[in-house]
Amino acid sequence: MKADVVIIGGGLSGVVAALAAHEKGAKVKLVRKAYGRTALGNGTMSFAAQENDGQKNTLKSRMAIAAKNELLPYSVIKDPLKSMKQAYKQLAGHLSGGFEREIDDDTPVMLCLSEGGALLRSDMAVPQIKSGDLARYVGDGVKIAVIGFAELPFFRPKLLKEQWLMDIKEAGIEKAEIRVFSLPMLDDGKLPFFRMYSEAARVIDAMDALGPLAERIRDEIKGYKADLLLLPPMMGLARRDAVRDISELIGLPCAEVAGGHQAVAGLRLQQLLDEALQTAGVEIINGEAVGFEIKDGRITKLAVKSGGEKADIEAAAYVLAAGRFIGGGLREARGISEPLFGLPVMYAEKNIAGLPAIKLVERDYAAKHVIFSCGIDVNERMQPLDEKREVKAANLYACGDIIGGYDLVLDGCAEGVALASAYIAGANAAGGDK
Amino acid sequence: MKEFDLLVVGGGVNGCGIARDAAKRGLKVMLVEKGDISAGTTWGSSGMIHGGVRYLFSDVGVTKLSCIDSGYIQKIAPHMIFRIPFIFVLPNDNNWVFRFIIYEGASAVFETYDNFAKFKGGKPACRLTPAEVKKLEPLIRDDIHGGITMDEWGIDCPRLCLANAKDAEVNGAEVRTHTRLTGFIKDGNRIIGAELQDEVTGEVEKVKARITFNATGPWVPGMAAMAGCEVKLRPAKGVHLVLDRRLTDYGVLCTAVDGRQMFVMPHENVSYIGTTDDDYYGDPGDIPVLEDEIAYLLQAAESYIPDVSKARVIKVLRAVRPTLFETGKYEDDLTREHQIFDHEERDGIAGFLTMGGGKLASYRVMSEEAVDLVMLKLGKVNPCRSHLDPLPGGDVTPSAEDVAAQFGIDPYAASRVIYRHGSWAAKVLESIKTIPGDAYMVDRYEPTLAAEIRYCVRNEWVKRPSDLTRRCRVGEGADQGMASIQQATQIFAEENKLGPRETIEAADHFLQAKWYERHEALSGEGVAQEELSRMINLGCWRTAQRSHIERRLP
Amino acid sequence: MSGFKKAMAISYIGYRTGHHMLRQGYKDVSRIVGIKVLDGIPKFTQNYIADGLTSLTRAERNKQWDFSKCINCGLCDALCTPIDNTRDLLSQGPSLAASSYSRAFPWYKHAEKYLSEWKACSGCGKCSNICPTGVPLKEIVAFMQRVIDKQKAGIMVAD
């Protein structure tokens with residue numbers, strides 16, 4: 001098999017890199033062994049969401065704070081905000097309705113309620129969650145109606161209500177009111193409850209029309225003049241417009257809460273990304289990259305195992321976007337390693353490959369453990385560095401979670417790093433800025 | 001001020017056993033435990049009511065007693081036990097005389113043990129050729145000289161403790177968990193009561209008791225000192241690795257580098273690799289596991305089953321054995337015999353008794369001895385019945401298919417409820433009749449249904465949701481509660497009408513408690529698991545970020 | 001006192017060893033003469049088959065490590081086609097095979113209801129394809145069925 005650029009990994013960063021290379025005119029193939037962290041996400045994206053400038057919290061000011069943190073990969077990238085915006089625009093151009101929101105310097109942080117009773121800070125979210133952004137109510141008041149379906153015993157808005165109010169008030173929305181309503185989602189009484197969100201989501205997919213459900217919701221809230229109506233994180237999987245349709249039928253802005261375990265928003269995002277690849281004509285190979293050949297400082301071949309058979313791909317450039325532990329880009333087996341190219345796994349410029357996991361964790365589960373902040377190091381062109389801090393191969397690039405230096409959750413920058421690094425890596429792999 | 005005949009301090013297997021026996025004999029009993037029932041040494045035990053083969057070499061009486069008592073425990077709690085056949089693997093050796101001696105010697109020992117094993121329904125030993133050993137356990141290394149088999153009984157120790165405590169309550173005892181004894185009330189040289197403090201609410205209470213029994217395991221010396229007596233123990237730390245599933249149905253007994261016996265054995269729906277035995281003088285409530293200990297256990301297991309390193313370790317059990325003090329011996333030689341200290345005779349402090357040493361398998365007979373002494377001191381007479389009467393749920397074991405049909409649930413889930421609650425299974429699942437959603441699986445791994453969690457919260461002294469790990473194994477699966485901790489905490493909050501801050505802190509405590517039990521042994525898929533767990537618990541639920549509990553040890 | 005007990009124990013063991021050697025000699029003679037002596041795997045089978053404690057083949061043992069890779073992410077449940085609109089199923093989805101039902105052999109017999117629902121499996125392979133850690137879900141079900149069949153047939157060791 002031959003290609004101009006091969007992307008290893010098909011999550012957010014892999015897809016963005018593929019599109020970036022494709023836009024530069026390269027013939028791109030993407031190798032993916034499975035879904036990973038992107039498909040399991042809660043549908044929000046964070047670029048510099050945890051930073052706080054104490055005032056307007058615009059994206060630009062928050063990115064400026066984040067860029068000062070030497071550990072974060074932003075410090076290696078020349079203008080991370082610019083690359084992020086370019087990546088985002090490119091992605092939005094390929095997606096069939098998913099990212100209408102502009103990412104701009106002035107964009108304030110998004111505030112969305114989660115299934116976990118919290119108010120999440122993020123920079124972007126899939127449309128079904130984005131419509132629940134409470135940022136515009138800061139300094140003001142808001143009335144929220146929350147719908148719990150009787151068939152979802154594990155979604156308890158009555159219990160979550162006080163937790164949400166706690167967080168909302170702390171965010172500066174002083175006069176917040178939440179009213180919880182409960183009604184059955186279905187009236188056929190087939191099963192008294194759904195076992196998981198995805199099951200309920202697929203029942204929504206199969207509904208002929210959402211009219212009856214919308215009507216029952218409207219009857220239940222009986223003229224409560226809410227500013228926003230929140231639904232559980234399961235409003236359709238293949239069907240993406242359920243929230244929008246219900247909103248139109250009821251006449252109220254609607255949104256989903258951001259989900260936790262087995263919610264479907266991440267899977268929706270992944271499916272959107274897969275569609276973007278298809279429309280761009282990027283071939284997806286369902287297989288696992290298992291080996292490579294290197295000659296004169298260039299990767300000449302990538303060995304791929306697909307359906308029990310092994311084949312080689314020859315490409316001008318390769319982009320490693322395999323993620324961290326869920327994706328398999330990093331692995332723990334008597335030490336942390338990057339199993340495909342054998343790149344050194346680093347933290348704070350220290351090679352931690354020889355250390356056992358016990359030395360990389362702390363007693364407090366919520367700490368920023370080294371094991372969850374480590375990864376490979378790259379230069380400003382997104383080329384991975386070897387033990388001697390030299391470029392491993394002139395035509396090898398990396399992007400996304402596999403790059404170390406940040407905690408995927410606590411540092412609030414994972415998707416920003418993914419977008420910026422993938423855009424640069426993809427463009428460079430296609431022969432961009434030399 | 002409440003008055004009791006007997007105040008039992010310590011809610012481990014001994015404390016619960018003593019409370020049950022005493023309550024059944026008509027005493028007015030209070031049981032206090034500073035943490036959760038069975039959260040001390042019992043929580044880190046091997047989970048077997050074994051007969052103690054090793055005591056054939058030092059004190060045959062102990063072996064006989066253990067086997068007889070193991071038989072009693074089977075009768076009073078038949079739903080909780082399961083058989084574990086063991087293959088004692090004999091290493092190969094170039095010297096055929098040596099091989100012969102070892103093989104015949106081991107055969108002799110196990111055949112001798114057969115005479116005692118019959119008291120506990122054990123099956124007779126079998127001699128296996130190397131080929132036969134490999135047929136039964138295909139991944140055992142090639143270089144062996146054969147095997148001898150025998151079997152022991154496994155049991156869920158936290159449920160055993162709970163059943164004893166529940167029976168005590170049924171017989172009129174009062175049980176207080178998360179309640180610390182902060183001081184004694186004395187009348188001259190007699191202990192007549194104690195001051196108790198509730199760890200969760202902070203409330204202080206004073207109670208009077210004619211006899212106080214110190215059954216606090218490794219905390220015995222501290223408690224005795226508070227009473228003005230000295231009891232010396234030689235605490236011995238023991239560590240087990242827990243694997244996510246049964247590797248086989250048989251345990252393998254092997255020899256470690258230092259000659260100690262090690263085992264890889266199935267237990268309920270996990271496997272254990274154990275165990276270590278080292279002097280430990282640190283805090284019994286905060287036991288670190290060292291890299292060396294994990295390496296030692298893996299190395300020993302790997303020397304017999306080379307592929308065991310591919311298995312997934314999900315947590316590490318750690319506990320301190322309250323071994324009696326005897327100087328100048330290697331840890332393993334120390335007797336596991338127990339001793340009851342009568343402080344009136346020994347130190348002149350009346351109304352106070354202590355138990356030291358012992359092993360879990362003999363808890364019932366130890367409790368019987370203890371209560372015999374208590375009865376003597378109180379001048380009462382009433383024979384022990386703890387070996388005759390079944391524990392709660394132990395009278396009849398219902399069929400999983402029947403219970404499943406009754407409540408419209410999966411038979412596998414029903415079998416786990418029956419395992420834990422025996423004939424009380426229908427009571428446990430009752431809420432499904434009024435709340436159909438209570439049949440959903442909160443924790444996929446057992447699986448544990450919401451109904452069982454609700455039942456435990458209402459009836460089994462769950463004062464912190466982390467207690468549920470011991471009641472119904474929430475969070476004991478491969479994901480260590482990634483998904484279920486938050487859900488279980490919500491049910492707990494609902495039942496106890498907690499406010500938002502308390503709920504978040506309860507979840508944080510639960511998350512922290514579970515992390516403590518596995519953070520030294522993260523490996524392989526466990527790290528990917530953790531990555532996902534953080535996305536959910538720190539990314540969506542933001543528990544730690546919003547909790548105000550002191551970020552200290554649970 | 002314990003020294004005395006120890007001496008008693010050792011002498012007892014010595015006596016038992018002698019007893020054992022005699023018995024062993026008797027057994028060896030019996031075998032030579034042609035009398036059947038129950039030992040080894042036949043005796044083991046007799047002991048434990050009633051509890052359903054069968055053994056695994058080498059191939060089965062080697063597969064087990066892959067079953068443990070499940071991280072309870074739920075992607076397989078979300079994409080399983082037969083679960084679409086078949087809310088009559090009690091099973092909750094393929095993930096349970098990896099995380100729950102396959103863990104403990106003695107209780108496999110209670111999982112037969114769950115396993116029977118896998119007959120609706122269309123073989124599309126979506127579950128195994130998108131599993132982040134590569135759990136071979138369909139193989140787990142086949143594994144469990146084989147063990148149950150062994151338990152029912154009373155076979156201790158299969159080849």
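Where is Asn72(C) found in chain C?

Tutor: Asn72(C) lies in the loop between α3 (58-67) and α4 (75-79) of chain C. The helices named here, and the strands named below, are DSSP runs numbered from the N terminus: helices are H or I with at least four residues, strands are E with at least two. The model is a predicted one, in which local features need pLDDT of at least 70, side-chain atom pairs count only at pLDDT 80 or more, and totals for chains, interfaces and linings use all residues. Residues are numbered from 1 along each chain as its sequence is written, while chains are lettered from A and ligands numbered from 1 in the order in which they are written.

Asn72(C) is not a glycine, yet its phi is positive, about 60°. Asn72(C) counts as buried because it has 24 C-beta neighbours inside 10 Å. A residue is buried if 20 or more other C-beta atoms lie within 10 Å of its own, exposed if 12 or fewer, and partly exposed in between, with C-beta atoms placed from the backbone.

In chain B, Trp461(B) is also not a glycine and has a positive phi of about 55°. Trp461(B) sits in the loop between α14 (450-459) and α15 (468-472), and with 21 C-beta neighbours inside 10 Å it counts as buried.

Chain B also has cis peptide bonds. One joins Glu446(B) and Pro447(B), with omega about 5°; Pro447(B) is in the loop between β18 (441-443) and β19 (448-449). Another runs from Gly274(B) to Thr275(B), with omega near -20°, and Thr275(B) belongs to the loop between β13 (270-274) and β14 (278-279).
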